[in-house]
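Please read the following with the sequence and the 3D structure open.

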Amino acid sequence: DERTVLDSPQLQRLRHIHQLALTYLVYPGATHRRFEHSLGVMELATRVFDVITTPPIHEKIRDIIPSEGKKRYWRRVLRMAALCHDIGHLPFSHAAEKELLPEGWDHERLTKEIIRSYEMKRQTWEQLEVPVKIEDIIKVALGPKGAKELIFNEWETILSEIITGDTFGVDRMDYLLRDSLHAGVAYGKFDHYRLIDTLRILPKGGGEDDSDEPTLGLDYGGVQSAEALLWARYFMFSQVYFHPVRRIYDIHLKDFLQKWLGNGKFSTETQVHLGMTDVEVLAGLRKANSDKDHPAHVYAKRIIERDHFKLLYSRNPNDQDINLTAGAAIYEATCKKYGPDSVRCDEYNPKDESKYFPVICKDSRVLQSVELSDTLLKVPVVKSNFVFIDRELQPKALKWLEENRSEIIKPKEETEE
């Protein structure tokens, strides 16, 4: 049955979707695809399932663990959901997803529509020897955030957390380990074997009067592995995912696609989506680069000939002390000075709550992770703010910014006074 899912055209398409978009132009080894990532997520999800459904199980959690027969069913669902969790990804994965899909659409919604599609139902789900419910696959693959219209019980929420969880989701574990391997860096490595072996389902709140809602937590012996996971994530984001050249290639790709696609958006029609991979986009890039009259020629050239914009400004704590929106002020001033076609900006300010999770101590008390680990509190939230400019303008723009920086980043209130 798993081979039937694996051999489906919906999943095989992922062999042609780069995991890290155009990152291979910066880290040449990063040419891995969503297909092998999906296999890795299935492997890690199975390991987690087998650990957390085996004693010791917290007394407040025992009632949500199903019988052996149902456990076998949900283990099957989990593995298939892990395989399918990324089938809705656009070409080059996350690059410009928000701008290139109609309002209300993202890769999670596309994943949901593909799993439910008539084609996948007929060619895949109806061919299984042991039937599974399509809605169960969707729930576990996407979780409550990705499938808001579905009602989850506590057990289904836990299963989806195995894949999608912000802290211990195996989607995150696999991409950190896999991306660091292929990029050729050591930042993303951590002891995932030890971490998984110490995972437990625990009450979320910890204390007697706190929430008994079940969630993934840790045995006390795994705290250091969790610290290593969160530091690995921080360093991978700061050194690889937010490498400025990688980020500007994403921006150039978005600019190209908005000109290259018929109406500036990817189609959300299932069969059209499945026919679009990195292969088609790369062919379009090469064709546009060779045709100076092509409307997307200038954007294709920046990628194919590595003629990308250069970094003018990156987030600076000293500037933030003066003006929290210093990056936006510099971007606006640079656009006014050199024209918006010659300038691009990139900003990322996430909310990170992944350092908070329950831990069961040796005396059976359940405490919050930050009560037990000062190290977790010291893991920074990854933020970035870049301003890029046409490489031919960069030398004089750097000089201009140096001469006018203090005036540009001065808060508007002070300027008005």
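Ser354 touches Asp166, Thr167, Arg172 and Leu230, leaving out residues up to four places away in sequence; contact here means heavy atoms within 4.5 Å. The residue lies in the loop between β4 (343–348) and β5 (358–360), where strands (E, at least two residues) and helices (H or I, at least four) are DSSP runs numbered from the N terminus. With a relative accessible area of 1%, Ser354 is buried, a term that means under 20% relative accessible area, computed with a 1.4 Å probe on protein chains only.

This is a predicted model, in which local features need pLDDT of at least 70 and side-chain atom pairs count only at pLDDT 80 or more, while totals for chains, interfaces and linings use all residues. Residues are numbered from 1 along each chain as its sequence is written, and side-chain values use heavy atoms, with hydrogens and water left out.

Strand β5 belongs to an open sheet of four strands, in the order β1-β2-β5-β6 and with mixed pairing. Its edge strands, β1 (199–203) and β6 (366–368), each pair on one side only; two strands pair if DSSP finds at least two bridges between them. From one strand to the next the twist averages 45°. Strands of a sheet pair through backbone hydrogen bonds, either parallel or antiparallel. For β1 and β2 (residues 214–219) the sense is antiparallel, over five bridges. Pro203 has Pro214 in β2 as its bridge partner.

The helices come next. Two packed helices are described by the angle between their axes and the distance between the axes. Helix α4 (residues 68–84) and helix α9 (residues 154–164) have axes that come within 10 Å and cross at roughly 40°; the axes are lines fitted to C-alpha atoms over the stretch in contact, and angles run from 0 to 180 degrees between N-to-C directions. The two helices are therefore oblique to each other, the class left once angles under 35 degrees (roughly parallel), over 145 (roughly antiparallel) and 65 to 115 (roughly perpendicular) are set aside. On the α4 side the contact involves Trp74, Leu78, Ala81 and Ala82, which meet Trp155, Glu156, Leu159, Ile162 and Ile163 in α9. These residues divide into eight nonpolar, no polar and one charged.

Leu83 is also in helix α4 and counts as buried, at 1% relative accessibility. Beyond its neighbours within four places in sequence, Leu83 is in contact with Glu2, Val5, Leu6, Leu11, Ser38, Leu39 and Met42. His37 is 46 residues from Leu83 in sequence and 8.8 Å away in space, C-alpha to C-alpha.

Conventions. Nonpolar A, V, L, I, M, F, W, Y, C, P; charged D, E, K, R; others polar. Buried < 20%, exposed > 50% of the residue type's maximum accessible area, 1.4 Å probe, protein only.
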